[in-house]
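Me: I'd like to learn how to read pockets and cores in a protein model. Could you walk me through one?

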Amino acid sequence: MSIRPVKHESIARPAMEGAGVKLHRVFGFGDPSMTDPFLMMDDFRNDEPEDYIRGFPWHPHRGIETITYVLAGSVEHGDSLGNHGVMGAGDVQWMTAGSGILHQEMPRGDFAGKMHGFQLWANLPSSLKMTAPRYQDIKSADIPVVVDDDGAAARIIAGSFWGKTGPVDGIAAEPVYLDISVPPGKTKRLPVDTYRSAFAYIFAGSGTFRDASKPFGVKVEKEYQGEELNIRDLSGNRTLVVFDTGDEVTVQAGEKGIRFLLVSGKPIQEPVAWHGPIVMNTQEELQQAMRELRNGTFIKPAH
């Protein structure tokens, strides 16, 4: 077995999207090849309703899939096809925008006003960019959880892991999407397909993915707000870790344990032409999508 080395580390940066939602951008709008087939990820986490209540009003998507995972609070959603629903804590929505939809997402806090969730964008290959839109709405109770002997746990949203398979299916990139928890001081080796891109995003606790024999971390450069900092690598809250090749990831949890998303997928390796929520392969396709938005032909009839 070969342990995947860390290729890139960065800290999620504050951003504002929608009608004024404060969030942290984990990655996106940079070099899409680094995380191919994944294009962008946001961590929306707030305790104050004024920081998220205005939500994400009507906006288009084409050529991608959006994956929303709610940890606290809820997200009410609706779209131009007549779909409507509410995602609660622990729920997942995997939306294949395909040929195009218009939708809105309006977050609501829990009883204490807290809202927390993630949205990940996955690219579609050229052969599926104009496929019919599709939703997979997954309730928390339908997501399998596997607990290992040492207390480490995995919620399996998509793909197969530790003998269980997640409820999301039929996705081009054949993704594995896991919510992993490792108890304080424990070391875990987690299998990852050799031929997939893979990243971890830490959202609670801390740990190191570099060398499980060095629990206090090794001295590395980490990018933060455009500057390279020399720090001890005990990666913590809101840290993105992108892995190089290999067939397993190793993690050693810090003194408070660690919880992170571990996501991998099959690279598409196609050109990316990107304008906001529309991702195509060429500038011509992008311009066509914008024309259709303006002239009212963006939404395609069901077929």
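Reply: Gladly! Let's begin with two terms: strands, marked E, are DSSP runs of at least two residues, numbered from the N terminus, and lining residues have an atom within 4 Å of a pocket point. Keep in mind that this is a predicted model.

Me: Which element gives the most to the lining of the largest pocket?

Reply: Strand E5 does, with six residues. E5 spans 56-61, and the other elements that give two or more residues are E3 (21-27), E4 (38-46), E10 (101-108) and E11 (115-123).

Me: What is the volume of the largest pocket, and which residues lie nearest its centre?

Reply: In general, rolling a probe the size of a water molecule over the atoms shows where empty space is left. Here the volume is about 360 Å³. The lining has 23 residues, with Glu17, Phe56, His59, Gln119 and Trp121 nearest the centre. By class, 13 are nonpolar, six polar and four charged.

Me: What about the second largest pocket?

Reply: Its volume is about 290 Å³. Of its 20 lining residues, Ser10, Val26, Phe27, Gly28 and Met34 lie nearest the centre. Strand E1 (6-11), E3 and E4 each give two or more residues to this lining, which divides into 11 nonpolar, five polar and four charged residues.

Me: And how do I read the largest nonpolar core?

Reply: In soluble globular proteins, nonpolar side chains tend to be buried together. In this model the largest core has 26 residues, and Met41, Leu120, Tyr177 and Phe199 have the most contacts inside it. Beyond its close sequence neighbours, Leu120 touches residues including Phe27, Phe38, Ile67 and Val263. Another core, of 24 residues, lies apart from the largest one and includes Leu178, Ile180, Val249 and Ala253.

Definitions and conventions. Residues are numbered from 1 along each chain as its sequence is written. This is a predicted model: local features need pLDDT of at least 70, side-chain atom pairs count only at pLDDT 80 or more; totals for chains, interfaces and linings use all residues. Side-chain values use heavy atoms; hydrogens and water are left out. On a 1 Å grid over the protein atoms alone, a cavity is a set of points where a 1.4 Å probe fits but cannot get out, and a pocket is an open set with protein on both sides within 12 Å along at least five of seven lines; lining residues have an atom within 4 Å of a point. Grid points are joined across faces, edges and corners, and a volume is the space filled by probe spheres set on the points. Helices (H or I, at least four residues) and strands (E, at least two) are DSSP runs, numbered from the N terminus. Ala, Val, Leu, Ile, Met, Phe, Trp, Tyr, Cys and Pro count as nonpolar, Asp, Glu, Lys and Arg as charged, and the others, Gly among them, as polar. A nonpolar core is a set of buried Ala, Val, Leu, Ile, Met, Phe, Trp, Tyr and Cys residues joined through side-chain atoms within 4.5 Å. Buried means under 20% relative accessible area, exposed over 50%, partly exposed in between (1.4 Å probe, protein chains only). Contact means heavy atoms within 4.5 Å. Lists of a residue's contacts leave out its neighbours within four places in sequence.
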